[in-house]
Amino acid sequence: MISLSLSYKSRRLFIGLMGSLGLLLWLMALPVSAQRKRDKAEAAVEKPNSASTTTARIDEETQFTEGVRYLMTDEPTKAITQFAKVLQKDPNNAAAQYSTASAYLKSGKTAEAIPFATKAHSLDVNNKFYSLLLAELYVKQKRYGEAEQLYEALLKKGPENAEYGVELAAIYLFNDKPDKALDAYTKVERDMGLNEEITRQKQRIYLKQNKIDKAVEEAEKLVASEPSDPDYLLEGAELLIANDRTDQAINWIDRALKLSSDLPQAHVLLADIYRKKGDMDRVSKELNQVLANPNLEAGLKARILSSYMGMTGSNATAQKDALGMAQNLAKTSPNDPKTQVMLADLLMQQGKKTESRDAYAKAARLDGSIYEVWSALLQLDLELNQVDSLLAHSDKALEVFPTQGLFWYFNGSANLYKRKYQQAVDAFEESQKLLATSANNELKRGIDAQLGDAYNGLGDHAKSDEAYEAVLKVDPLNDHVLNNYSYFLSLRKENLPRALQLAQKLVERNPTNATYLDTYAWVLYISKDYAKAKQYLEKALADPANVSGTIIEHYGDALYQLGEHDKAMEQWKQAKTKGGASPDLDKKIASGKM
């Protein structure tokens, strides 16, 4: 819709320009000419006072000029003060009334402006600028009927005002009078000729009224205005497709292709039409024609294919075909980063994470300036547990984006996994600083949780505990922190009541998780509650798929403390076979003792 605010903006721009020397001369001319008439009359009667009259006139003009200058320098309050002095002496000074209204409008005081604008208009009903200002004020107060009357009167004064029919049409639309708006647009076209924006606005009105044929007629007008330009034909085809007239749309597209066979958009539209018809062979044919076009750069082809993928939804056949096209395009344009990104996106949508990660990595090598590519690549490295790649890629990403807290977080995670605790702490602290104002509270908790792990790795237990407690303060059911914090406290044999409290909460939330059951059992073991530790270790062992050598070894330790030494030895030997147990396991097996 042609916005009324835009048309008013244009008018205000005109007035703003007039606010320079032109406005000053124009406005000053009004009181001066009126004053000259008075001067002649006064001269015939009061010649002795002519000097004082001239002085008063000069003062009035000086005050008015000062007011205009304040308007020009965006000081409306001072301008109002000056214009008030003029109006005090001459309330019928239309220019001062108009200028006062303009100053109030500039101050955002619509209600205060209206009386002055009304007075200016009543003093000079033939001044179109007075009419336009008053109409603008009425519109701001949604007094559309009064604004309509002003514009209608303006248009009746002559064809030179025909352009204002566009603004009148907009007011009709605001006032829910679409038919009158259409009439107004038609009159503008009759007086000024075909206008593309007016035609589009008429189309929108017809479509809203469900008058599709009328909207299509307007599209035909645009086509007729530029018969050698296929763009209007394709726009018309899009309108027809949107209103389920696909057969008619095909006809319009064919007309466009006769004008130019090299129209990628035409083939994309045909592909979408045939997709809806279920003719996937024809879909592939149309898209392949686009992708085979030697005059199109690879990046544009990638965008077209990506756009088509957005149309296919969950159609498995279409997705498979599109992926094949993307792979072929990537092979024929191996050095185009947009093609690699498009391929990576499609692979990701189809759950092929490893292949997607490789495509994102290639795109990042070709063009390292795209934040979204690095973000997707690092996320996939993390999900695929590719720690070495995560570390290398996050280092590279930070060379380009050193102020991105998310990338520091990925870097810290990789360093923590590699047991590079100081580097992890440095990265997490930098991430924490950069994300201080972020609304992503989940990420902030993740940083604090891993900071606790990293500080623990450095042996800085005070900071480790502080980081864990910070997470639990806002997220008391954070499983990562409940597990690690309680386990590390037990290893240090410190604050065991707190460790028991955390670990118990953990297993209450996860009663079948072997790792968490082992953590609680170990805290019980350190607290010398061997019988209860054994009970929870047996629950952990009930899930063979997730049993580690550490859990089996812990079970052996609990049995040993309960006097079941032979059974303990059996468990220790099983733990050795399983792998991943403690360095002391061989000593236990060799000596048969803890």
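**View 1. The crossing of helices α5 and α7 is left-handed.** In this predicted model, helix α5 (residues 94–106) packs against helix α7 (residues 128–140) at an angle of about 30 degrees, with the axes 11 Å apart. Helices here are DSSP runs of H or I with at least four residues, numbered from the N terminus, and a crossing is called left-handed if the near helix is turned anticlockwise from the far one by less than a right angle. Axes are lines fitted to C-alpha atoms over the stretch in contact, and angles run from 0 to 180 degrees between N-to-C directions.

**View 2. Residues of α5 meet residues of α7.** Among them, α5 contributes Tyr-98 and Leu-105, and α7 contributes Phe-129 and Leu-137, where contact means heavy atoms within 4.5 Å. The residues of this contact divide into nine nonpolar, one polar and two charged.

**View 3. His-554 lies in helix α31 (residues 549–561).** His-554 is buried, with a relative accessible area of 6%, buried meaning under 20% relative accessible area with a 1.4 Å probe and protein chains only. Leaving aside neighbours within four places in sequence, His-554 is in contact with Tyr-487, Asp-518, Trp-522 and Leu-537.

**Notes to all views.** Residues are numbered from 1 along each chain as its sequence is written. Local features need pLDDT of at least 70 and side-chain atom pairs count only at pLDDT 80 or more, while totals for chains, interfaces and linings use all residues, and side-chain values use heavy atoms, with hydrogens and water left out.

Methods:
Helices (H or I, at least four residues) and strands (E, at least two) are DSSP runs, numbered from the N terminus. Buried means under 20% relative accessible area, exposed over 50%, partly exposed in between (1.4 Å probe, protein chains only). Ala, Val, Leu, Ile, Met, Phe, Trp, Tyr, Cys and Pro count as nonpolar, Asp, Glu, Lys and Arg as charged, and the others, Gly among them, as polar.
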